[in-house]
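Me: I've got a structure open and want to talk through how its pieces pack. Could you take my questions one by one?

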Amino acid sequence: MINWLAAFLILSRLLLPFSTLLAGAGGLPGFQTKGSVAFSELRTPYQFGQQVTFQAKITSQTAIQNVVIYITPSGQSTLWHSAQLSAESTISESIPVSELSLRPFALVAYRYQVNLKDGSSVTSDEFHFQYDDDRFDWQKLESPEFRVFWYGRDPAFGQDVLNVAQLGLKHAQSILDAALPNTLNIYVYLSSRDLQSALQMESQPWVAGHAAPDLDQIMISIPSGPEQKLELERQIPHELMHILQYQHVGEEFTKQPVWLLEGMASIAELYPNPEYQYVLTEAARKELLSFRDLCSSFPREASAAYLAYAQSESFTRYLYQKVGSSGLLALMNKYQDGLGCEEGMAAALDSGLGQMEYAWKQEVLGIN
């Protein structure tokens with residue numbers, strides 16, 4: 001009996017520092033002690049697209065004045081939100097997703113700051129949760145370069161997505177020589193409506209794909225049917241080009257003209273949009289959009305946005321045939337340096353945007 005008790009005491013002494021270390025580091029699930037304040041029962045249930053609820057129990061040896069939650073979605077600025085502490089020392093603060101500007105599949109960091117009545121404050125360590133679109137039963141397939149997620153279709157579809165992604169990457173890199181930063185996540189929605197609701201972009205029904213380079217992900221919508229393979233060959237390379245563009249220019253991505261970003265993405269497509277030529281021909285007889293107006297943004301109205309894509313694809317393809325990959329790269333570099341839409345082209349190609357647009361209209365559209 002004495003030997004058993006001695007062994008138990010020795011084992012307890014060995015385990016005690018380890019368990020204390022875990023609790024102090026937040027290693028034990030849902031519990032952490034910082035100074036005189038204890039954080040426990042930490043949860044972040046959410047309803048996708050609606051709200052996130054931050055739940056915790058916060059106890060302190062010193063009276064608590066108030067609690068503030070600091071929230072940092074991946075790639076975004078930190079937001080703060082006051083939390084109401086109940087008589088039972090718990091909080092359950094629901095915040096609309098739109099207020100947090102949460103992006104699908106983003107990692108969200110958060111921490112609690114407890115302000116005490118003695119004037120001091122205690123801040124918890126940083127906790128995280130993954131804001132996944134949990135409305136669907138996602139299937140998964142992966143390779144060294146890609147992780148493919150889809151729902152509502154058989155495993156063969158996932159392999160088709162993976163095959164097109166590998167071909168599309170090779171083709172996009174023949175235009176812009178840049179590497180993927182990490183394994184890229186590709187989420188394939190069954191309808192544009194599902195995608196637009198995930199992105200909270202229901203007001204833009206023409207949106208069929210989206211790239212989030214800072215999250216290493218692209219999201220596309222591919223309806224089932226005889227043309228789903230062609231849509232894969234169009235959408236995946238398009239969004240992959242946006243990932244490569246971001247890799248090349250980094251945070252200067254926003255300095256690039258929108259017509260150039262979308263034009264390069266369009267010429268990277270393995271299956272070009274067959275309707276663009278008809279749209280261009282009709283607009284050439286009536287009125288084309290000015291590329292100066294397409295430098296900073298595209299129209300929000302569907303038909304005008306479609307024409308903007310068609311013009312950008314045709315104009316960028318014309319430039320690509322004239323100056324090649326090196327010319328497009330030089331153009332991106334000038335815009336990356338901060339030159340304006342007109343000045344960047346003049347510096348890179350010795351011809352201003354207006355002059356090149358005029359030449360494109362003559363040589364491609366036959367407009368005198």
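Predicted model: local features only at pLDDT ≥ 70, side-chain atom pairs only at ≥ 80, totals over all residues.

Me: What is the strand order in the open sheet of five strands?
Reply: Helices (H or I, at least four residues) and strands (E, at least two) are DSSP runs, numbered from the N terminus. Two strands pair if DSSP finds at least two bridges between them. The edge strands, each pairing on one side only, are β11 (139-142) and β14 (209-212). With mixed pairing, the order is β11-β12-β13-β15-β14.

Me: Which residue in β15 is the bridge partner of Ala211?
Reply: β14 and β15 (residues 217-221) run antiparallel, joined by four bridges. His210 has Met219 as its bridge partner in β15. For Ala211, the partner in β15 is Ile218.

Me: And which residue in β15 is the bridge partner of Asn185?
Reply: Here the sense is parallel: β13 and β15 pair over five bridges. The partner of Asn185 in β15 is Gln217.

Me: Which residue takes a positive phi in the hairpin of β14 and β15?
Reply: Four residues sit between the strands of that hairpin. The phi in question is near 55 degrees, and the residue is Asp216.

Me: How many of the five residues of β15 are buried?
Reply: Buried means under 20% relative accessible area, exposed over 50%, partly exposed in between (1.4 Å probe, protein chains only). Gln217, Met219 and Ser221 are buried on one side of β15, and Ile218 and Ile220 on the other. β15 is largely enclosed by the rest of the structure, because the buried count is five of the five.

Me: What angle does the direction of α5 make with that of β15?
Reply: Axes are lines fitted to C-alpha atoms, for helices over the stretch in contact, and angles run from 0 to 180 degrees between N-to-C directions. Contact means heavy atoms within 4.5 Å. Helix α4 (residues 192-199) lies across β13 (184-189), β14 and β15, at about 140 degrees to β15. Helix α5 (residues 228-249) packs on the sheet, touching β12 (146-150), β13, β14 and β15, and its angle to β15 is about 155 degrees.

Me: How far apart are the sulfur atoms of Cys295 and Cys341?
Reply: A disulfide is a pair of cysteine sulfur atoms within 2.5 Å, and a search of the whole structure finds one. Cys295 lies in the loop between α7 (276-285) and α8, and Cys341 in helix α9 (residues 341-349), 46 residues apart. Both cysteines are buried, and the link is left-handed, with -80 degrees about the S-S bond. Their sulfur atoms are apart by 1.9 Å.

Me: At what angle do the axes of α8 and α10 cross?
Reply: Helix α8 (residues 302-336) and helix α10 (residues 353-363) have axes that come within 11 Å. α8 brings residues including Phe315 and Tyr318 to the contact, and α10 brings residues including Met356 and Trp360. The crossing angle is roughly 95 degrees.

How values were computed. Residues numbered from 1 in each chain as written. Heavy atoms only, no water.
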